[in-house]
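Me: I would like a close look at a single part of this model, and then at what surrounds that part. Please keep the account plain.

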Amino acid sequence: MDFLNAIVALANFVLIPGIAYGAQLALGALGVTLIYGILRFSNFAHGDTMAIGTMFVILITWWFQSLGISFGPLPTALLALPFGIVLTGLVLLSTDKVVYSFYRKTRVKPVVLVMVSLGVMFIMNGLTRFIIGPGDQRFADGERFIISARDFKAMTGLKEGLAIKSTQGITVITAIIVVAVLFWFLNKTRTGKSMRAFSDNEDLALLSGINPERVVMYTWLIVAALATIAGTLYGLDKSFKPFTYFQLLLPIFAAAIVGGLGNPLGAIAGGFLIAFSEVTVTYAWKKVANYALPESIAPDGLAQLLSTDYKLAVSFVILIIVLLFKPTGLFKGQSV
Amino acid sequence: MKKLLLATTATAMMAGGAFADGHAAEIKIGVILGFTGPIESITPMMADGAELAMKEVTDSGMLLDGAKVTSVRADSTCIDAAAATAAAERLITSDGVKGIMGADCSGVTGAILANVALANGVVMVSPSATSPGLSTAEDDGLFFRTAPSDARQGVVMTEVLMDQGIKSVALTYTNNDYGKGLADAFQASFEAAGGEVTINAAHEDGKADYSAEIGALAAAGGDRLVVAGYVDQGGSGIVRAALDAGAFDTFHFPDGMISAKLVENFGSEIDGSSGQHPGTDSPGAAKYAEMAGDAFDATSPFSPESYDAAALIMLAMQAAGSMEPGDYKDKIMDVANAPGTEIFPGELGKALELIKAGEDVDYVGASAVELIGGGESAGNYREVTYEGGEEKTAKYR
């Protein structure tokens, strides 16, 4: 019984939040890695692309809610998601037209593009705050829990509760579907293959008649979809505030680099690695240890490696370790 | 620097001399508050409160044979100690104020006290600085406050929890001077009373996700979770995450968390929780609100305390029969506390008359002032409980 309690406590406070957070990071990191692989620069505006995409979804969700449209037990935001993706895609395509295409044509060094993306980041950041405001916005509706801690305790008679929020369930299922579709698209379709070819060797790809403008356009559209989905899932599960999306940039980049920039599989693995490191290193293991270990060796203290204040530092440390020992990332990506 | 000091002192003396000649003509009182900066939304009402008291006294014509009291406003910025010090310096040396109603935030208040008020021997009565550190700051008997120290709230919080029979709590605070000061004060007081604080952990404001913080708090355990944070910031995030994960069902909220927003956010989910914030059932607050009328919002935080701070300075002047800070500083405790006739807002004229007749007064004012220790308000707290999704007043302490 104690052993079961230990597992439930671990699942409630580490596994479930870790999986949901990991999935959100992985989707964000996929966007970063695609841009790096195909357009060849680190897109600092990605966090704010997520924010702007989520903002569109929130505005449409509010509109739907005012019209009385709902999605039953699921959040209305899922209905608004496709419209949000389209709007975000338009924003990204026009940004590319107005800003990036000029630098691409003049064939500037990647570092210049990085700086350009920094500028784009500030503009998007300001735009989001201007339209929806800098504060917290709640837009989640529908059922809150798949199973709540109280129900779980009543059902199983265990001392520990297990809560699974519906947003956590939706996050994981949506992430699986999105990743499956993305990999199918990259590996099986003609456009996907041409994108990979473009990523592997730009000159050969151009020689074989691949239209670069089309590749760039599809990349932005996919990135728009990934960013909007990741942002909306994060906002549904946690809360939407433009500044926290800006802060997400660090763990997302850490995930992409750890996994290997330009490698989609690496981005997913990196996302989960960063998420679980953040959660497990700062978790106080006292409760789990007290259940799982015999009384004589159970700890009195909190058994916490790092205070939760240092959560963000964990991704920094992992980033540094990986860059020192395996600059191309865990899965073979391009070196930074 | 030496020359500057010399010049400053000379000017101060000259200014003092100049005003001594004009005895009973005009008394200037400095109102130094953060008119710009993070609390700029509440300082206008604080200044209005202080000036209301000054106007009342001037109109009564009773202070020191009909002196006219005027206010000189200055900006403390709430956060910039250098700017606040310069502003206070100007008040004393160039405007020649005889007392300072202020400052507001604890940091700048400490800076003005140490650098300007002590050097020039001017009385300061702060309406809103709550840091426990100011209780022990060197003040030569010049510093008072009509707001209670956060250390006091820690004691009251302990009493509230102990009365409910709660002996073990987890504690999380917002990572700034207010949160840290309150959390440490509470922990010391709760442990002294025989309680156990299982964990004392900070949380950062403005995060989207507090599940890691809740993981640590839940692992430490406890009967209640004490959230010394802000309702508009991380505090609500912590409560939300704790409820979602089933880590804690009931909470205890200090003043930063108690607001209509809390009930709006959580409704009946926090039933059984408790809290306390500064508040009083004294009739003074109602009278003060009546006096303010539509001119300004008298229920705005620290506005009643500001009225009281200004009133105390002027009553003490009357009791000492002098407007010089060195003379009246010892009288502030006398007029603020029993014995004597209780004085409510709107009765300053009567109080001045009583003092002139040689009788004792006990200034109650708008915030039920009772000065303890080195001259800080004992504070009155409203204990609240949450039942059926509503905030209810349990009692006043």
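Is Ile79(B) buried or exposed, or something in between, and how many other C-beta atoms lie within 10 Å?

Reply: Ile79(B) is partly exposed, because 15 other C-beta atoms lie within 10 Å. On this scale a residue is buried if 20 or more other C-beta atoms lie within 10 Å of its own, exposed if 12 or fewer, and partly exposed in between, with C-beta atoms placed from the backbone. The model is predicted, so local features need pLDDT of at least 70 and side-chain atom pairs count only at pLDDT 80 or more, while totals for chains, interfaces and linings use all residues. Residues are numbered from 1 along each chain as its sequence is written, and chains are lettered from A and ligands numbered from 1 in the order in which they are written.

Ile79(B) sits in the loop between strand 2 (68–75) and helix 3 (81–95) of chain B. Helices (H or I, at least four residues) and strands (E, at least two) are DSSP runs, numbered from the N terminus. Leaving aside residues up to four places away in sequence, Ile79(B) touches Gly37(B), Pro38(B), Cys105(B) and Gly107(B). Two residues are in contact if their C-beta atoms, placed from the backbone, lie within 7 Å. From Ile79(B) to Gly37(B) the separation is 42 residues in sequence and 7.3 Å in space, C-alpha to C-alpha.

Cys78(B) belongs to the loop between strand 2 and helix 3 of chain B as well. Cys78(B) is buried, since 24 other C-beta atoms lie within 10 Å. Its phi is positive, near 70°, in a residue other than glycine. Asp65(B) also has a positive phi, about 60°, and is not a glycine. Asp65(B) is found in the loop between helix 2 (43–60) and strand 2 of chain B, and it counts as exposed because it has 11 C-beta neighbours inside 10 Å.

Two peptide bonds of chain B are worth noting. The bond from Gly102(B) to Ala103(B) is cis, with omega near -5°, and Ala103(B) is in the loop between strand 3 (100–102) and helix 4 (106–120). Ala338(B) and Pro339(B) are joined by a cis peptide bond with omega about 0°; Pro339(B) lies in the loop between helix 13 (332–336) and strand 11 (341–343).

Elsewhere in chain B, helix 7 (residues 211–220) has 10 of its 10 residues buried, so it is largely enclosed by the rest of the structure. Glu213(B) is one of these buried residues. Gly221(B), with a positive phi near 80°, follows helix 7.

On a wider scale, the domain assignment, automatic or from a database, gives chain B domain 1 (2–149 + 282–377) and domain 2 (151–279 + 379–396). The contact between them takes eight residues from domain 1 and nine residues from domain 2.

Chain B also meets chain A: 29 residues of chain A are in contact with 19 residues of chain B. Helix 1 of chain A gives the most to the side of chain A that touches chain B, with four residues.
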